[in-house]
Amino acid sequence: MVRYKKLFYRSYWDIRLYMLKRKAFVRSGPFEFSVYRNLLTLIKNSEGNKFIDFDSEVLFPDQRGWYVRHDIDMPNCLNQLDKFLDLELTLGIKPACFIRIDSPAYASIDVLPLIKEFSKQGVVFGLHSECYIHDNWKDYFESEIKKFRTYYGFRPQAFNVHGFGHYKLRERECFYKYMTHQKINDYGFSFCDLHNGLREYKYCIQDSNALFPANSLEDYRPERRFLYNDFSTIPPIHKGSRGLVLTHPGYWV
Ligand SMILES: [Zn+2]
């Protein structure tokens with residue numbers, strides 16, 4: 001399971017102090033694309049580290065394996081996605097993109113041209129569900145899967161969830177518990193990284209650390225985000241384990 005840090009600070013200086021204590025990479029959003037390119041190149045060229053295709057569950061005993069994933073949370077994630085995918089495919093990386101269905105953020109059908117272009121090159125497109133915020137979440141989950149198939153012409157092989165901070169956190173955790181390996185199979189998914197019981201990530205390098213709590217459930221301003229220094233040094237996870245590089249392309253320029 002990806003662990004999101006709970007950070008709530010009163011002032012800019014609180015944040016700077018926290019970053020200094022953590023030896024964090026002091027960089028707030030929007031982030032320069034070159035930082036991302038440098039991270040991928042660093043991993044690719046570092047002995048003992050390698051990328052894993054997102055739909056593979058393979059473990060390499062002598063390597064640290066890194067998956068690459070994009071969550072498409074907001075319109076600007078869509079606008080920037082091709083830039084990310086072009087880079088990753090050039091480096092031989094097969095990432096995954098997770099799409100929200102019928103969210104207020106963007107029209108799901110707007111993703112179709114990207115799916116057509118990149119799925120044939122090995123990029124995985126899955127469902128970024130927000131079913132758990134609805135009372136009838138099982139029905140809602142089924143409807144998301146059905147709509148995904150209607151919009152894009154295939155059933156998603158993977159899914160995970162879109163987080164809303166603390167909003168409906170208890171329900172989200174219940175959904176995690178509900179989704180066992182058996183349930184994943186029952187729903188017809190091939191693989192899933194919803195939580196560590198389904199796919200274990202020893203570390204998540206991610207771009208959604210929050211400087212301030214959002215003003216609303218749909219507030220994704222990049223300037224509210226910051227990066228740790230794990231974007232410039234590879235975290236020392238054990239060989240034979242796997243990590244995740246998770247980005248939201250809309251936070252980048
Ligand atoms: Zn999300």
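Me: So two strands pair if DSSP finds at least two bridges between them. With that in mind, which residue in S5 does Ala96 stand opposite?
Reply: That's Val124. Bear in mind that this is a predicted model. Strand S4 (residues 96–99) and strand S5 (residues 124–129) are parallel, with four bridges between them.

Me: And what sits between S4 and S5 in that β-α-β unit?
Reply: Helix H4, residues 112–118, and the unit is right-handed.

Me: What about the pairing of S4 with S3, parallel or antiparallel?
Reply: Parallel: S3, residues 64–72, is joined to S4 by four bridges. One of the pairs is Ile72 with Ile99. On the way from S3 to S4 the chain passes through H3, in a right-handed β-α-β crossover.

Me: Nice. Which way do the S4 residues point?
Reply: Ala96 and Phe98 face one way, Cys97 and Ile99 the other, and all of them are buried. In general, side chains in a regular strand alternate between the two faces of the sheet.

Me: Which residues touch the most other members of the largest nonpolar core?
Reply: Ile72, Cys97 and Ile99, in a core of 55 residues. Helix H3 (residues 75–90) gives the largest share of that core, with five residues.

Me: Let's zoom in on Cys97. What is it in contact with, leaving aside neighbours within four places in sequence?
Reply: His70, Ile72, Leu81, Val123 and Phe125.

Me: Changing topic: where is there a cis peptide bond?
Reply: Between Gly29 and Pro30, with omega at about 0°. Pro30 is in the loop that runs from strand S1 (27–28) to helix H2 (33–45).

Me: Which residues have a positive phi although they are not glycine?
Reply: Asp102 is one, at about 55°, and Lys168 is another, at about 60°. You'll find Asp102 in the loop between S4 and H4, while Lys168 is in the loop between strand S6 (159–161) and helix H6 (169–178).

Me: Why does Asp102 count as partly exposed?
Reply: Because Asp102 has 16 other C-beta atoms within 10 Å, and partly exposed covers what falls between 12 or fewer (exposed) and 20 or more (buried). Lys168 is partly exposed too, with 18 C-beta neighbours inside 10 Å.

Me: Last one: what's the average pLDDT, and where does it stay under 50?
Reply: The average is 90, and 90% of the residues score at least 70. Residues 1–10 are where pLDDT stays under 50; the model gives that stretch 16 contacts beyond four places in sequence.

Terms used. Residues are numbered from 1 along each chain as its sequence is written. This is a predicted model: local features need pLDDT of at least 70, side-chain atom pairs count only at pLDDT 80 or more; totals for chains, interfaces and linings use all residues. A nonpolar core is a set of buried Ala, Val, Leu, Ile, Met, Phe, Trp, Tyr and Cys residues joined through C-beta atoms within 7 Å. Helices (H or I, at least four residues) and strands (E, at least two) are DSSP runs, numbered from the N terminus. Two residues are in contact if their C-beta atoms, placed from the backbone, lie within 7 Å. A crossover is right-handed if, with the strands pointing away from the viewer, the path from the first strand over the helix to the second runs clockwise. pLDDT is the predictor's confidence in each residue, from 0 to 100.
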